[in-house]
Amino acid sequence: QVQLVESGGGLVQAGGSLRLSCVASGTVPALFNMGWYRQAPGKQRELVARFINFDAPLYANSVKGRFTISRDRVKNTVTLQMNDLKPEDTAVYYCVGGTGIATDYWGQGTQVTVSS
């Protein structure tokens, strides 16, 4: 019913910035919240940031102050502005979406690599 497509990954030096973007298409339900997860090699997939209805977005402590999530509910897009990137931010980043806190839909993932 919903397709998520993300883009914007790449290779950057430590301290640099990237902006990830995701667009939802199809039948997007009411109160559909989008966000971002990431998974580094050999590690658990973890929440990076996401919206929950009209509350302030939720951030992982490791990215708070460096990353900013934003959305356009008319265009059904969500972005993740990533500043002051660190090597430990290297991971595949996934756009996620669902009603409430659900994660029913996932994008294909985009690689973010931060070199030192």
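The radius of gyration used here is taken over C-alpha atoms, and the globule rule is 2.2 Å times the number of residues to the power 0.38. For 116 residues, that rule puts a compact globule near 13 Å, and the protein chain has 13 Å, which agrees. This is a predicted model, in which local features need pLDDT of at least 70 and side-chain atom pairs count only at pLDDT 80 or more, while totals for chains, interfaces and linings use all residues. Residues are numbered from 1 along each chain as its sequence is written, and side-chain values use heavy atoms, with hydrogens and water left out.

Now for the overall picture. Along its principal axes, the C-alpha trace spans about 40 × 25 × 25 Å. The protein chain has eleven strands and zero helices; here strands (E, at least two residues) and helices (H or I, at least four) are DSSP runs, numbered from the N terminus. Buried residues account for 40% of the 116, where buried means under 20% relative accessible area, exposed means over 50%, and partly exposed is in between (1.4 Å probe, protein chains only). Of the contacts (heavy atoms within 4.5 Å) between residues at least 6 apart in sequence, 56% join residues at least 24 apart.

As for the surface, the protein chain exposes about 6100 Å², with carbon and sulfur atoms supplying 50% of that area. Accessible areas come from the Shrake-Rupley method with a 1.4 Å probe, and for residues only the protein chains shown count as cover. There are 11 positive and 8 negative side chains, and the centres of the two sets lie 2 Å apart. Lys and Arg count as positive and Asp and Glu as negative, leaving out His and the chain ends; each charge is placed at NZ of Lys, CZ of Arg, CG of Asp or CD of Glu.

Zooming in, strand 4 (residues 32-39) pairs with strand 5 (residues 46-50) in the antiparallel sense over four bridges; two strands pair if DSSP finds at least two bridges between them. These two strands form a hairpin with six residues between them, and Gly42 in the turn has a positive phi of about 75°. Strand 5 also pairs with strand 6 (residues 58-59), again antiparallel, over two bridges. Arg50 of strand 5 is the bridge partner of Gly35, and Arg50 is bridged to Leu58 in strand 6 as well.

The loop between strand 4 and strand 5 holds Ala40. Ala40 is buried, because its relative accessible area is 17%. Beyond its neighbours within four places in sequence, Ala40 is in contact with Thr90 and Ala91.
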